[in-house]
Amino acid sequence: MSETNAQGSPRLDQRPEWHALAKHRQELADTHLRDLFDQDPGRGDRYTLQVGDLHLDYSKHLVTDETLRLLRELAAATGVFDLRDAMFRGEKINTTEDRAVLHTALRAPRSAVIAVDGQDVVPAVHAVLTKMGVFTDRIRSGEWTGHTGKRIRNIVNIGIGGSDLGPAMAYDVLRAYADRDLTVRFVSNVDGADLHEAVRDLDAAETLFIIASKTFTTIETITNATSARQWLLGQLGAGDDAVAKHFVALSTNAEKVADFGIDTQNMFEFWDWVGGRYSYDSAIGLSLMLAIGPVAFREMLAGFHLVDEHFRTAPPEQNVPLLLGLLGIWYGDFHDAQAHAVLPYSHYLNRFTAYLQQLDMESNGKSVDRQGNPVSWQTGPVVWGTPGTNGQHAYYQLLHQGTKLIPADFIGFAKPIDELGELAGHHDLLMANFFAQTQALAFGKTPEEVAAEGVPAELVPHKRFQGNHPTTTILASELSPSVLGQLVALYEHKVFVQGAIWNIDSFDQWGVELGKVLARRVEPAVTEGADVPGLDPSTAALVAAYRTLRKK
């Protein structure tokens, strides 16, 4: 295997900065977090950073000043900052699709100028945001009515992937800011149960469907949209003219939208320089804007932009997304960590980690570099997690006493939401658990400490906690629209940093295509029993068993 890439640069694992980190890792050996804190009692104060409303503590990581210096040198050597600047300029850094990567333009101020192919995209972004705001005001005020004259009280977003995960996550996070008189639901799965459960108790006359598909050909989305149209017309006993009052589109394919029966005046545009997993702050977030209103939506965009500017301008030593990306490199490539846990201590963040799964795993789940060569280093981790404290009674056992190293991010807030009333008293207990878990993971409990508690000798090994499990703590005052934007942008740019260092294209997703292509090929065998060429013996036998069980 060549030691240089197609452009003559050293392969990542042949760079001197990489070798220096590998040597440093050997020198640290089994250094424990207890040792690092003993050697540097002030590290709990020193190893902190601030961006916007986010206070970040990284003192409970298996790093020293030397580790961080070497990681920053690797970032500089691999062109992270040059690629970052190219992204913000609108250059086509998504090389396999020849596209710019400009989710940052979705939250840029009106005064910004960001050009793609010589065209400033910012005016178009704000034109769509304005159109969304006008439409939102019409729905929320009751000016817009359905086919029978009733006001809209139910919003059903139909999409998949980023067209579902983003707005669905953000709606859950910001429920406290939503109009509680609106019912907002999300449909993505082509399993008919998803749509059934979403509409079964709704009044069709009060229901608006938002169909999110850039091409308006995504099979899962269009299948669900077609069934939703049939449901609506059946419930109303109306003709096709009713569709225009109950459906809007988030798309760029005006012809397909019109063929469906949607008035193209109610089509909200987005662009090919926005990847689906980066898009909920575009027109894809219309359902969210309807729920929380245009003012709160723009507050969220301002939070995104705050972190964008921090990532673009902050020096490396103070750059929070850079730090998080580098810590991921350290554990994935030099500690052989295969997974990363994100553990929010907020019920409202119950879908946040699922959202980050797509953001991270679809972006950096790659095994070839930007030149198409196989990589010989670890790339993206498995991202998982659920809100605390539920996880403590499930998989935290493995985190504390298992055999795997799983770095974890803990996200918490100083204040509960205002409307909790007397239930706000739970919050101190929630946060006590939040702080206790990172301490326990870091420092554990030695056999001597266990024995000193009078535990029988034969149980000491079972009650010992190794500790030395690294965690990042992210703490904010409260969970607001702006803070949500800050959190999402923080992880977006973390993912960018890691992809840049690994020299992979973080903005394509060819890995999702093969299964979809094969599904179209298999479908006639499933529905008609057709003899489909190319089915392997196992799949053919499984299809036959399915048809027997379905009595087809």
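**Stop one: helix H20**

Select Glu 513 and Lys 516: both sit in helix H20, 3 residues apart, or about one turn of the helix. Keep in mind that this is a predicted model. The two side chains form a salt bridge, with the closest N and O atoms 3.8 Å apart. Glu 513 is partly exposed, at 32% relative accessible area, and Lys 516 is partly exposed too, at 33%.

**Stop two: the largest pocket**

The pocket holds about 1000 Å³ of space. By type, the lining splits into 13 nonpolar, 15 polar and 10 charged residues.

**Stop three: two long-range links**

Now pick Arg 351 and Asp 172, a salt bridge with its closest N and O atoms 2.9 Å apart. Arg 351 is in the loop between strand S10 and H14, while Asp 172 is in helix H7, 179 residues away. Which of the two is buried? Asp 172 is, at 6% relative accessibility; Arg 351, at 34%, counts as partly exposed.

Then jump to Lys 366 and Asp 508, whose side chains meet in a salt bridge at 2.7 Å, N to O. Lys 366 lies in the loop between H14 and strand S11, and Asp 508 in the loop between helix H19 and H20, so the pair ties together parts 142 residues apart in sequence. Both residues are buried.

How values were computed. Residues numbered from 1 in each chain as written. Predicted model: local features only at pLDDT ≥ 70, side-chain atom pairs only at ≥ 80, totals over all residues. Heavy atoms only, no water. 1 Å grid on protein atoms, 1.4 Å probe; cavity = no way out; pocket = protein on both sides within 12 Å on 5 of 7 lines; lining within 4 Å. Points joined across faces, edges and corners; volume = space filled by probe spheres on them. Nonpolar A, V, L, I, M, F, W, Y, C, P; charged D, E, K, R; others polar. Salt bridge = Lys/Arg side-chain N within 4 Å of Asp/Glu carboxyl O. Helix = DSSP H or I, 4+ residues; strand = E, 2+ residues; numbered from the N terminus. Buried < 20%, exposed > 50% of the residue type's maximum accessible area, 1.4 Å probe, protein only.
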